[in-house]
Structures are given as structure tokens and as C-alpha cells.
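Reader: Please take a close look at a single part of this model and describe its surroundings in one connected account.

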Amino acid sequence: MTLAYPLEDPRTAAPSRALSDVLDRLGVRLAYAKDAEIYAQEDEVEFLYQVVSGVVRTMRLNADGRRQVGDFYVAGEMFGLEPGPDHQFTAEALCDCQVQVVRRAAVRALAGDRELDRAILEATRRELQRMQEHVLLLGRRSAREKVAGFLMSLAQDHTEDTVRLPMGRQDMADYLGLTIETVSRTLTQLQGDAIVEFPELRRFRVTRWAALEDLAA
């Protein structure tokens, strides 16, 4: 999630044309139904993935049985990039999804192409940035600040009147390190303070940008 509002938002920055071309040319497009597993925690890293449509959620089960949501990936974004040989998170379809999948070995066969090498490095950098920003979000002092930062990351640069909220309250809670009751209560408070409003359960609009930015800063 993006809290510092950089010029290039890792949530909206598209992979380079070189990498997208490789995914399109060498990959295969697969369909996943809602909640279907794309890969599992501790699976060997074999593929690169890019969301074509829908939303993908990454999550892991901790030793105490609690679920931790890693991030949410939307159309155009890559996921499954790992520094080691195994996946640290499970990837699941948050809703019906289409995902472009390509074997890493096929990409490695093209190694040496400078543009492709730079594209892979940039995609890995953006993934690291997302992880760092999630850590910063979890370090926020209050639930109000965490929820505000989450909503702001979804709403920034959005051109429509309302912003789609593809994930449910439990997913938000597991991403923010809160309980579902705390998330629901905080959303109700933000709406009561006329900072955001929810015309639908899964859609919201920001009614006081300055107030939300102050909380998210």
C-alpha cells in the first residue's frame, strides 16, 4: 500500500513494455474462480504472474494459526516475485480472475537482454517498496490512522466518483493487523465524521480529502 505518495506509485505503475511483451509471448492466460489458490505458501517459485482482470490476494498462516494478508494486486500488476526459492505467501483469487503465467526458466532464457533485465529489476524493486510501505502502515499508532491510510491508498489518483473496495472487512483486518470489529467500528467513525461515505457496502467516496490525508500522513 502507498502512504508516501511517490511520483511513481507501485500500485499503479505498469511493468515495462519489455517484460509485458515476454509475459504475453511466452505465458498462458489462466482463469481462477473466487477464493481459488494460485500457488501455496512454501511452494517452489517456478512462475511469474501478472493480473489480467480481477484482484489477487496474498496471505500466509502464522505459526499460531492467525492469517496475515500480504497485499492485494489488481489488473496490470505482477505478483509472486520472491527473493528466495520458495513462496512466503499463498496467492488466492479475491474474486473471479484471469492471470498471465510464464515460467521463470523461459524468462531466464532471454537473460542478457538489457531492457528485460532492467524490467525484472524494476518489478522486484516495486515489490520491495510495497512490502516496506506495508510495514510502515502496520506501524501506525492507531486503528484510525491505519484504516485512513488504507482508504487513501485506494482512493488516490482515482477519477470516478466512488472507489471500489474489492476486499471485505476481514481481509482489511488481516492486512492491517486489526480485528474485524475494530475495522468496522473505525469505518463507521470515519463515515460519522463525514470524512468518507459508503453509498454501497463495497464502494466509498472521500468527502473530506484534507482530513483523510491528515490521518494517513
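Author: Helices (H or I, at least four residues) and strands (E, at least two) are DSSP runs, numbered from the N terminus. The model is predicted, so local features need pLDDT of at least 70 and side-chain atom pairs count only at pLDDT 80 or more, while totals for chains, interfaces and linings use all residues. Residues are numbered from 1 along each chain as its sequence is written, and side-chain values use heavy atoms, with hydrogens and water left out.

The buried residues are Arg169, Asp171, Met172, Ala173, Asp174, Tyr175 and Leu176. Just after H5, Gly177 adopts a positive phi of about 70 degrees.

The cover over the buried residues of H5 includes helices H3 (114-138), H4 (143-155) and H6 (180-192), together with strands E4, E5 and E10 (196-200); contact means heavy atoms within 4.5 Å.

Of these strands, E4 (residues 56-61) pairs with E5 in the antiparallel sense over 6 bridges, pairing being assigned if DSSP finds at least two bridges between two strands. Leu61 has Arg67 of E5 as its bridge partner. Both strands belong to an open, antiparallel sheet of 4 strands in the order E2-E7-E4-E5. Its edge strands, E2 (37-39) and E5 (67-73), each pair on one side only.

E10, in turn, runs antiparallel to strand E11 (residues 203-206), to which 3 bridges join it. Val196 is bridged to Val206 of E11, and a hairpin of 2 residues connects E10 to E11.

Notes
Buried means under 20% relative accessible area, exposed over 50%, partly exposed in between (1.4 Å probe, protein chains only).
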